[in-house]
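Visitor: I have a structure to go through. Can you walk me through the fold, the core and the surface?

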Amino acid sequence: MYEGKVELELTCEVNGLQWQLYGFSYETPDGKFSGYLHATSSEHASYMLEELKATAVLDGPIIEAGTF
């Protein structure tokens, strides 16, 4: 484990389908930030981002791998 890092796979397989890592960015009064999600295509990623915008909730800070 690398302290202070979160490593993401560029691709992964889910239910026999290849999922690719996509990046997104957003702006707030504090500046421009970015995040990542896995999706099967650019179209799928855009749908997932819309769902994220509609349903996301804050879980809290990530203290170590697997915890909130």
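Guide: What follows covers the fold, then the core, then the surface. Note that this is a predicted model.

Visitor: Fine. How many helices and strands are there in the protein?

Guide: The protein has one helix and three strands. Starting at the N terminus, the order is β-β-β-α.

Visitor: And what share of the residues counts as buried?

Guide: Of 68 residues, 13% count as buried.

Visitor: Which residues make up the largest nonpolar core?

Guide: That core has five residues: Tyr22, Phe24, Leu37, Ala39 and Ala45. Strands β2 (17–28) and β3 are the elements that each give two or more residues to this core.

Visitor: What is Ala45 in contact with, leaving aside neighbours within four places in sequence?

Guide: Ala45 is in contact with Tyr22, Leu37 and Ala39.

Visitor: What about contacts across the chain? How many join residues at least 24 apart?

Guide: Counting contacts between residues at least 6 apart in sequence, 15% join residues at least 24 apart.

Visitor: Switching to the surface. What does the accessible area come to?

Guide: About 6,100 Å², and carbon and sulfur atoms hold 54% of that.

Visitor: Which residues make the nonpolar surface patch of about 340 Å²?

Guide: Val6, Leu8 and Tyr36 make that patch. Tyr36 sits in strand β3, which spans residues 31–39.

Visitor: Why does Tyr36 count as exposed?

Guide: Because its relative accessibility is 52%, and the cut-off for exposed is over 50%.

Key
Residues are numbered from 1 along each chain as its sequence is written. This is a predicted model: local features need pLDDT of at least 70, side-chain atom pairs count only at pLDDT 80 or more; totals for chains, interfaces and linings use all residues. Side-chain values use heavy atoms; hydrogens and water are left out. Patches are made of residues with over 30% relative accessible area and no salt bridge: like charges are joined within 9 Å, nonpolar side chains (Val, Leu, Ile, Met, Phe, Trp, Tyr) within 5 Å. Accessible areas come from the Shrake-Rupley method with a 1.4 Å probe; for residues, only the protein chains shown count as cover. A salt bridge is a side-chain nitrogen of Lys or Arg within 4 Å of a carboxyl oxygen of Asp or Glu. Helices (H or I, at least four residues) and strands (E, at least two) are DSSP runs, numbered from the N terminus. Buried means under 20% relative accessible area, exposed over 50%, partly exposed in between (1.4 Å probe, protein chains only). Contact means heavy atoms within 4.5 Å. A nonpolar core is a set of buried Ala, Val, Leu, Ile, Met, Phe, Trp, Tyr and Cys residues joined through side-chain atoms within 4.5 Å.
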